[in-house]
Amino acid sequence: MTLALSRSLCKVLSRQTASSSFVLGEHHHAVQSPWFAPVMTLKTSAPLRAEPKKRKKVDPRREQMARERLKKKLKKLERVPPELIPIEDFMTPNKCLDETRERSSPKLSFEESEGRALLLKEWSRYKQKQHKAEVQALELVLEAQREALEELKLESEELYQAALKPDTLLFPFVHEGPVYTPPIPKYDAPDGKYNDVTKVYTQ
Amino acid sequence: MRLSRTAVGNAGIRQFSTASVCRATLQAKSVTERASSPWTLMAAVCLQRLPVISADCNPIEQQFKDMILQMELEKSVLSDHELQLLEDAERMRRKQADDYDSDEEEGRDGQEIMLAQDLEDAWEQKLKSFQPAPRARADVDKDLTSAQRCLAETLVLLAEQQVGKEKLWLLPQTQWQEGETLRQTAERALDSLPAGYKATFLGNAPCGVYKYKLPKAIRTENTVGTKVFFFKAILSDSAPPKAPKAPLLWLTKSELQRYLKPAYMMKVDRFVLGV
């Protein structure tokens, strides 16, 4: 391979020397034709020195970089936490703080305020008794159920296991609670029309 | 779900093959258990009709209620309606005063048409024209067979059934049969009643048990006594019963004592809530 390289080099050199002698020979003529640029300069001019066009890789990469930067900016903007929905019950409307609305309340006599304090204490005692009675009643109910399950276990294991299974059909259980007056049988209630003005917030 | 085919021809495709084997052994065990146990099993249903109206207040509750309403009224501010009432009263007073100049009024069109007081009177009239159903009716309350009595309390259904030689008042019960759970027995007990009541059973577990031994004369090796398991159910609809002459009673907790035997009552009293 080195032989081939040296041969090609020699050839090039010989060509060059030939061209240079040709040029020098030419110099003897007084006119130098513009079409005959020196071969040396031809080989090293700027357009020939430049790389071949590699636009296909750089542009997609540059566009991708630009897109990623935009996406990052969008994500930063989106990371803002959503606005909290205001709880209307916690904000006193300005109408209520109006001074003209104050009620002229009569002063309470000493007996009246004493009576109220005593009634509050009486009430707390009554409620405590009621709560204790409820808790005891519930404990009795649980005790009765425990006893029943014990007896059932003594009887038969299979029935005991069947009794322990949760009832899937029970829930959701709906029952109308007690009202003030009993429902009138076959009562045709009048249609109540109302405008719903509740404000609906979206996050 | 596991499908398995046995080599034997008549078995065919059996699903839950291991589960069926387990059940077979359990059943064998339970049969032997049941055979050895001297107690007959029965299931009873404690059908409750929950209160329809709110109960009346105690004296202390009434006092407290009044006091709280008064306190809340004192701490409140005037509403729009009350402000309108005050304004109208003021305007009327000014009109009836001697030096009244209608041009000085900040005229609002239609101010004379509807005073707030008139609105209030109209509403009052409308309320009076509506007749709600009475809260308590003495004649219905006395009828023990009606499910509409004592609307403010929970009622429990009692049936008169033959037990041994005598007829007793007790929670409707039937004997347990092979191959059903106790809850199904209780449901059967409910369905066997002449009045077709629809109820929701609360869970699979019994809420109470009552066991009694047979008198020594009848006792054999196999039957020493009976265990009755109670199941709670809530009446879904208070429709009138189809057989009005059926021996059924709806009783409050305090009235149960008059109809049930003392030992039975002691057990039932525990799980029937008086609330």
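Modeller: Let's start with strands: S3(B) and S4(B) pair in the antiparallel sense, with two bridges between them. To pair, two strands need at least two bridges found by DSSP. Helices (H or I, at least four residues) and strands (E, at least two) are DSSP runs counted from the N terminus. Before we go on, this is a predicted model: local features need pLDDT of at least 70, side-chain atom pairs count only at pLDDT 80 or more, and totals for chains, interfaces and linings use all residues. Residues are numbered from 1 along each chain as its sequence is written, chains are lettered from A and ligands numbered from 1 in written order, and side-chain values use heavy atoms, without hydrogens or water.

Biologist: Which residue is the bridge partner of Gln48(B) in S4(B)?

Modeller: That's Val156(B). S4(B) also runs antiparallel to S10(B), and four bridges join the two. There, Leu157(B) has Trp250(B) as its partner in S10(B).

Biologist: And over how many bridges do S4(B) and S5(B) pair?

Modeller: Five, again in the antiparallel sense; S5(B) covers residues 166-170. Look for Val163(B), which stands opposite Glu166(B) of S5(B).

Biologist: How many of the nine residues of S4(B) are buried?

Modeller: Buried means under 20% relative accessible area, exposed is over 50%, and partly exposed lies in between (1.4 Å probe, protein chains only). Seven of the nine residues in S4(B) are buried, so the rest of the structure largely encloses this strand.

Biologist: What about the chains as a whole?

Modeller: Chain B has 275 residues, and 35% of them count as buried; its secondary structure comes to eight helices and ten strands. In chain A, buried residues make up 10% of the 203. Chain A has six helices and zero strands. For contacts, the rule is heavy atoms within 4.5 Å. Take the contacts in chain B between residues at least 6 apart in sequence: 66% of them join residues at least 24 apart.

Biologist: Which residues touch the most other members in the largest nonpolar core?

Modeller: A nonpolar core is a set of buried Ala, Val, Leu, Ile, Met, Phe, Trp, Tyr and Cys residues joined through side-chain atoms within 4.5 Å. The largest one has 32 residues, and those touching the most other members are Leu47(B), Leu182(B), Tyr197(B), Phe229(B), Leu248(B) and Trp250(B). Elements of both chains each supply at least two residues, among them H5 (110-155) and H6 (157-164) of chain A, and S3 (39-49) and S4 (155-163) of chain B. A second, separate core of 23 residues includes Cys46(B), Leu158(B), Leu249(B) and Val268(B).

Biologist: Leaving aside neighbours within four places in sequence, what is Leu182(B) in contact with?

Modeller: Its partners are Leu152(A), Leu159(A), Ala43(B), Trp176(B), Phe229(B) and Phe231(B).

Biologist: At what angle do H5(A) and H6(A) pack?

Modeller: Axes are lines fitted to C-alpha atoms, for helices over the stretch in contact, and angles between N-to-C directions run from 0 to 180 degrees. H5(A) and H6(A) pack at about 145°, their axes 6 Å apart. Leu149(A) and Leu152(A) are among the residues H5(A) brings to the contact, while H6(A) brings residues including Leu159(A) and Tyr160(A).

Biologist: Which value of phi does Cys150(B) have?

Modeller: Near 50°, a positive value in a residue other than glycine. Cys150(B) sits in the loop between H5 (138-142) and S4 of chain B, and is buried at 17% relative accessible area. Lys186(A), also not a glycine, has a positive phi near 55°. Lys186(A) lies in the segment after H6 of chain A and is exposed, at 89% relative accessibility.

Biologist: Which kind of peptide bond joins Phe171(A) and Pro172(A)?

Modeller: A cis one, with omega about 0°. You'll find Pro172(A) in the segment after H6 of chain A.
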